[in-house]
Amino acid sequence: MNRFIQPYVDNAGEWLPLLLEAMGKTALLSICAFALSLVFGLLLAVCRNTRWRWLERGVALYVATVRGVPLLAILFLLYFGLPGAGVTFDAFTAAVLALALAFAAQVAELFRAGLMAIPAGQREAALAVGFTPYQSFTLIVLPQVVRISIAPLIVTFVSLLKDSSLASLITVDELALTGRAMATEYFLPLQIYVAVGLCYFLIAWPFSLLSKRLAPPAAR
Amino acid sequence: MNPLLRVTGLTKSYGPVEVLKGIDFKVAAGEKIALIGPSGSGKSTCLRCLNFLEKPSAGEIHLDGERIGVRLGRPMNDRQLAPQRAEMGMVFQLFNLWPHLSVTENVAIAARKVRGLSAREARELALDMLAKVHMTHRAAASPQELSGGQQQRVAIARALAQKPKLMLFDEPTSALDPELVHEVLKVMEELAAEGRTMLIVTHEIAFARDIADRVLFLDGGRIVEGGPARELILSPREPRTQAFLRQIRH
């Protein structure tokens, strides 16, 4: 046991700043990607419920495609593939975009499920008191959708956070890549990968707790 | 005198199914009308066509001389319909209170957002309306904390807060436990006594007999018979009305 713990004691001074900085990068990457996927996702969900058939079909096709393709493939396509078509992103931007595009599909499905969970009578009552369709949506329907969706959205954020480790494969110096570099440098892969895992867990754990608290009683 | 509400040739079809086959009636200001009939007779559809929650297939609806749902010969969209709908208060079978808002806010929100009252004015109005339905003591509650009868009374307050020219009730007691029906009917009785114009789709025949001025009996998408409430319910002329009323009594 002591042989496992000792390297942490010896190297804490060097490892902590490296890991903290990498954690920051992972958090930044995840938050940017998630914020973008919320915006995309809400747009997709609203488009999916429109009168325009072609828009609805397009969104359904997008969601099905993105869900059927590995995130890694999307990531490589954006970073290694698109330069072939004259579009170049730096690694961080490519990672944010890939995560956002992939998770927007999931977020859209969450919002869509939320929209469908609101009984038609809610909107009818809103129209009946003289609200416009826009007011009915923003004052009556959307707040209820957000309330239903918040717990699953947090769960989605946690899985995005974990999937952000794929960005290490296109040279984004987040936790996973930093961990690999450290493991090679110090020849202590066991200790270092345990520490990296713990770092992910430390970010994810509070959110998992929060989603449990916010979930409706029946789902707890 | 011009009637407050005039419905002429109202029809409604869902694909090949004709639910309403030409409905004509008039409602004078202050009149209380009960629409009765077997389920599937079209009475709820008829009521929902009046404020265009269902779009009529044909026919005309005039409220206070103004054509509902059509402007310059063109059908209006939901945005254009909003001010016309605000003139009619509607009470639903399933209450349809908004669960993310408090009782007071359920009643006050339209006053602010549709009629532009200040937050304070809207709140005062809401409390006045809640007093009318004897719900002041639950003003701060959430709709989910209320019994069905209480929810329906709040829904009535919400409709009253629109200061509507006409109140539409779509089977307001059908979803209630039997012991809660009374409190809602009592509130409606009090509103009737204030001289409000009310159109009530109901299965409560005794209530219709005592409260309504006139009763319209619908069957198969048509008005089979209409007349003074007491007369129609106690001595219906049409065989179909007789059969329906006999059935409902047993």
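The end C-alpha atoms of residues 23-211 of chain A lie 21 Å apart, and this span is 82% helix and 0% strand. Helices here are DSSP runs of H or I with at least four residues, strands are runs of E with at least two, and both are numbered from the N terminus. This is a predicted model, in which local features need pLDDT of at least 70 and side-chain atom pairs count only at pLDDT 80 or more, while totals for chains, interfaces and linings use all residues. Residues are numbered from 1 along each chain as its sequence is written, and chains are lettered from A and ligands numbered from 1 in the order in which they are written.

In UniProt, an unreviewed entry lists residues 23-211 of chain A as "domain: ABC transmembrane type-1". For chain B, the UniProt annotation "domain: ABC transporter", again from an unreviewed entry, covers residues 5-245. UniProt positions follow the numbering used here, feature names are shortened, and annotations may be inferred rather than shown by experiment. Residues 5-245 of chain B come out at 38% helix and 27% strand, with 27 Å between the end C-alpha atoms.

How do the two chains meet? On the chain B side, 21 residues are in contact with 17 residues of chain A, where contact means that the C-beta atoms, placed from the backbone, lie within 7 Å. Helix 2 (78-86) and helix 3 (103-113) of chain B are the elements that give two or more residues to this side. Helix 2 of chain B gives the most, with six residues. By residue type, the side of chain B that touches chain A divides into 12 nonpolar, four polar and five charged. In this count Ala, Val, Leu, Ile, Met, Phe, Trp, Tyr, Cys and Pro are nonpolar, Asp, Glu, Lys and Arg are charged, and the others, Gly among them, are polar.

Eight of its 11 residues are buried, so helix 3 of chain B is largely enclosed by the rest of the structure. A residue is called buried if 20 or more other C-beta atoms lie within 10 Å of its own, exposed if 12 or fewer, and partly exposed in between, with C-beta atoms placed from the backbone. Among the buried residues of this helix are B:Val103, B:Asn106, B:Val107 and B:Ile109. The buried residues of helix 3 of chain B pack against helix 6 (133-163) of chain A, together with helix 4 (119-132) and helix 5 (148-160) of chain B.

Now for the sheets. Chain B has an open sheet of four strands in the order 2-1-4-5, with antiparallel pairing; two strands count as paired if DSSP finds at least two bridges between them. Strand 2 (17-27) and strand 5 (66-67) of chain B stand at the edges with a single partner strand each, so one side of each has no neighbour in the sheet. Strand 1 (residues 5-14) of chain B is joined to strand 2 of chain B by eight bridges, and the two run antiparallel. Within this pair, B:Leu5 has B:Val27 as its bridge partner, and B:Arg6 stands opposite B:Lys26. The hairpin of these strands has two residues between them, and B:Gly15 takes a positive phi near 55° there. Strand 1 of chain B also pairs with strand 4 (residues 58-63) of chain B, in the antiparallel sense over five bridges, with B:Glu60 as the bridge partner of B:Thr8.

Another open sheet in chain B has six strands in the order 8-9-10-3-11-12, with mixed pairing. Its edge strands are strand 8 (88-91) and strand 12 (222-228) of chain B, each pairing on one side only. Four bridges join strand 3 (residues 32-36) to strand 11 (residues 214-219) of chain B, and these run parallel. Here B:Leu35 has B:Leu216 as its bridge partner.

B:Leu35 also turns up in the largest nonpolar core, which has 83 residues; B:Leu35, B:Ala157, B:Leu168, B:Leu199 and B:Val215 touch the most other members. Such a core is a set of buried Ala, Val, Leu, Ile, Met, Phe, Trp, Tyr and Cys residues joined through C-beta atoms within 7 Å. Apart from it lies another core of 46 residues, including A:Ile74 and A:Val107.

B:Glu171 sits in the loop between strand 9 and helix 6 (178-193) of chain B, and is buried, with 21 other C-beta atoms within 10 Å.

Conventions. Two residues are in contact if their C-beta atoms, placed from the backbone, lie within 7 Å.
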